[in-house]
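Biologist: I'd like to learn how to read the packing in a model like this one. Can we go through it together?

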Amino acid sequence: MTVDARAAARRPIHWAVGGALVVATALVPSAESAAAEQTSEVTLRYDCPFPSGPEEVDVVVSAVLPTSVRTGEEIRPSQVSVEVNLEPTALARFGELDAATLSAVARLTVRNTVGDRSADASWQDLTAPPVALPGPDGGGLALTATGDVPTVSFGSPGRATLAPAELALSLSSLTGAGEPTTPPGLDVVCEPAPGQEPELAAITVRGDSTPTAPAPRPGKSDPAPDPTPSRPAEGLSPGAREKIDALADERLAALDGEDPGSCPIEIPPEWVMTTAETYAAGYANAAKLDGAAALGPAFMKVVLNKRYINDSCASTVDVSSEVDFDYQGRRQLPPTKATFLSYGFMPTTATMTLEQVGPPAAIHTHTVTNTPTYPEETTVTAQLVMRLSDVEVNGVPLDVGPDCRTERPFEQVLRGYGQSYPPAGYLVAYGGTLTGYAHIPPFEGCGVGEDLDPIFTSAISSRGKKADNYTKMTQAPLCVATNPEGPDCPPRVPDPER
């Protein structure tokens with residue numbers, strides 16, 4: 001059977017409910033009447049753990065924001081700037097590396113609050129261009145990071161505030177020849193010094209908007225019932241729909257010109273991208289040790305809709321998102337202590353820490369849109385390193401040293417399956433159960449005065465058999481930064497399933 005590409009292209013664009021645009025109504029600016037704007041700025045002192053020791057750093061955060069909005073109206077901060085002023089002592093490390101320039105990528109956590117409800121947004125990928133490092137007696141320097149940040153909306157009237165919180169800096173240094181130094185950079189997580197008023201801006205939220213009914217679901221003759229009425233209504237704001245309709249018209253014109261490859265539409269991320277937070281908890285089996293270790297509760301920072309491709313010809317939607325674990329400012333799960341029977345008879349207790357390495361974990365959601373239920377498959381892929389500490393064998397401490405770990409990162413892949421109508425199984429926005437397997441590599445760096453690597457490799461590492469290490473994680477619903485008053489904010493800890 002052949003597919004008429006032009007006919008398929010004329011179908012309305014489909015939107016996946018679970019992982020894609022559960023908060024899309026608050027993501028794209030619409031043609032609302034413009035409110036008065038304010039240029040807001042706050043200067044804060046941050047405590048930063050540099051290699052030279054703790055440093056107090058002056059940070060100036062600024063943005064242009066409206067002075068007032070209606071309930072539910074999206075707020076898009078513009079002209080966002082994070083200026084980080086580094087003292088000479090904080091720069092000492094880079095002088096030792098013969099660095100000539102210093103640049104940065106900043107991630108600022110901003111707490112959005114109205115009344116007693118709040119949610120944290122991640123202003124990430126703010127980029128500061130390279131700046132020449134001063135000489136030995138040249139003083140400090142300022143790095144100014146700028147970029148686009150997520151929108152936010154408030155569902156209740158009152159005084160809403162935006163307040164900077166944690167600041168993560170990824171500093172990169174280059175030599176005079178433009179080559180990366182060795183090491184090439186430094187990651188620092190800073191916290192606001194106590195005793196400050198961190199408020200960036202206050203916005204008056206007026207309760208004079210007229211509620212509108214949710215738009216019908218694209219591609220359906222009748223709108224489906226809202227599966228969870230307390231959550232944001234699905235659909236897009238009129239401004240977003242106008243832009244997407246224009247893309248559809250361009251696709252039709254291309255198809256009329258015999259270009260069937262134009263059927264998939266990739267939605268610009270700035271229209272739909274936002275941040276969210278959640279927790280996940282579960283268990284990981286270690287078949288060789290005849291037991292399971294508890295995992296979490298792991299706090300996760302999510303960036304939704306970094307890539308969104310709608311293919312009406314194939315009746316699919318593919319969404320790519322990202323997630324980073326966060327435990328006390330580090331990219332890892334909380335350390336967990338477990339007791340196993342090594343080799344089937346020897347009780348062994350150890351603290352296990354799973355550290356996230358490399359890029360953020362990838363979340364890929366594939367939705368089929370030509371069936372009434374909108375089935376959805378999600379894959380989460382993370383790169384992890386396992387560390388062991390506080391080991392006891394039969395009650396006797398075993399000194400494994402400070403760097404007992406897998407010799408290389410391993411890939412943890414978890415999968416979840418669900419459907420949007422009615423909502424069931426795993427959906428990124430609503431959470432659920434994810435399962436998968438991992439191959440644990442050999443260990444290295446274990447032992448003080450004696451090589452314990454072979455013991456841990458023999459007791460824990462798998463030989464390529466995926467069934468050796470089964471993992472089951474339960475994710476809570478997302479607390480989305482664009483909806484801080486939603487029923488899932490602040491994020492809650494789920495009950496793990498065995």
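This is a predicted model: local features need pLDDT of at least 70, side-chain atom pairs count only at pLDDT 80 or more; totals for chains, interfaces and linings use all residues.

Biologist: Which residues have the most contacts inside the largest nonpolar core?

Modeller: A nonpolar core is a set of buried Ala, Val, Leu, Ile, Met, Phe, Trp, Tyr and Cys residues joined through side-chain atoms within 4.5 Å; buried means under 20% relative accessible area with a 1.4 Å probe, protein chains only. Here the largest has 50 residues, and Phe50, Leu86, Trp123, Leu167 and Leu171 have the most contacts inside it. Its largest share, six residues, comes from strand β5 (residues 101-114), strands being DSSP E runs of at least two residues and helices H or I runs of at least four, numbered from the N terminus. A second, separate core has 42 residues, Phe456 among them.

Biologist: Where do the buried residues of helix α5 fall?

Modeller: An α-helix has 3.6 residues a turn, so residues three or four places apart point the same way. In α5 (residues 453-460), Asp453, Phe456, Ala459 and Ile460 are buried. They fall within an arc of 145° (taken from the directions from helix axis to C-beta atoms), so they line one face of the helix.

Biologist: Is Thr275 buried or exposed?

Modeller: Thr275, in strand β12 (residues 274-286), counts as buried because its relative accessibility is 4%. Its side chain reaches the backbone nitrogen of Ser122 at 3.3 Å.

Conventions
Residues are numbered from 1 along each chain as its sequence is written. Side-chain values use heavy atoms; hydrogens and water are left out. A polar contact is a pair of N or O atoms within 3.5 Å; within protein, one must be able to donate a hydrogen and the other to accept it, and residues adjacent in sequence count only if both atoms are side-chain atoms.
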